[in-house]
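Work through the following exercises with the sequence and the 3D structure in view, and compare each solution with what you find.

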Amino acid sequence: MWLRSGDTSDANNLLSFLSDTFSNLEGKNVSLVRMDSGFCSDEIMSYLEAKNNTSYIIAGRFYQPIQAIAASKDMHWLAVDKGIEISEQRYQAGTWKAPRRLIIIRQKIAERPQAPGRQLRMFAEDDEVNGYRYGAYFTNLNLSAVEVWRLYRGRADAENRIKELKGDFGFDSFNMRSFNGTEASLTFAMLAYNLMAFFRQFILQGKTQQTLSTLRYRVFAIGAYFEKNKSGQTILRLALNLKRRAWFEGLWNTGTNTSPPYKKSIG
């Protein structure tokens, strides 16, 4: 996570960010870099191609040349599903040293009214072209065009994690008086998020990734108090109903291979 001022573009200083990220992941195999259209530039693609030919899929920006290609009558469209067609070709912008693989998908609005993508403003008067929404992707993968599109479309869990950072950890709801102060606060919030991620992965071991707001009432906000018995041992007494006691005992057993430094009494 890097903090940048709000008046910078998406790709501002991205090469430094990528270099830092790859450095942190040294020794690990990065199978794919997936980026949206805000990062579509020759500079970024050239960097990834030079970085051990790192595989990437980057959404294309619909500048005039890309719109012209998508609307061309020479395009050979392959039907993927009802109302979905795909095509590809090699494309080289004027400032590029070599052409790159460009994949274009179009979805018919009449058959798929909720389809993502954008219409081509240059051809607003062309009823046929205007009846579709388009998407474009640059890639160096050798997979089929359909697999590249499906791979880009499958966002895994990234969007949910971003929403959780904003909703549960306040990533977008505060601003300090200085840039460094804001960066420090966000770093602590990210640290807290990572600790919770480890807790969910290694202690809870559930199939679903519960948010902090759920865990707060399920795991952390439990009525409890300490007391000492006659032998001087400290006892933590937790107020849990019968249905939850076995599950909570399991958390203790998962979290440590040794006995806790104090006795616990659940009831």
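**Exercise 1: the nonpolar cores**

Determine which residues of the largest nonpolar core touch the most other members.

Solution. At least two residues each come from α1 (14–24), β1 (33–35), α2 (42–50), β2 (56–59), α3 (64–71), β5 (100–108) and β6 (132–139), the helices (H or I, at least four residues) and strands (E, at least two) being DSSP runs numbered from the N terminus. Another core, of 20 residues, lies apart from this one and includes Leu186 and Met190.

The model is predicted: local features need pLDDT of at least 70 and side-chain atom pairs pLDDT 80 or more, whereas totals for chains, interfaces and linings use all residues. Residues are numbered from 1 along each chain as its sequence is written, and side-chain values use heavy atoms, without hydrogens and water.

**Exercise 2: contacts of Ile104**

List residues that Ile104 touches, leaving out those up to four places away in sequence.

Solution. With contact taken as heavy atoms within 4.5 Å, Ile104 touches, among others, Ile69, Ala70, Met75, Trp77 and Glu85. Its partners also include Tyr134, Gly135 and Ala136.

How values were computed. A nonpolar core is a set of buried Ala, Val, Leu, Ile, Met, Phe, Trp, Tyr and Cys residues joined through side-chain atoms within 4.5 Å. Buried means under 20% relative accessible area, exposed over 50%, partly exposed in between (1.4 Å probe, protein chains only).
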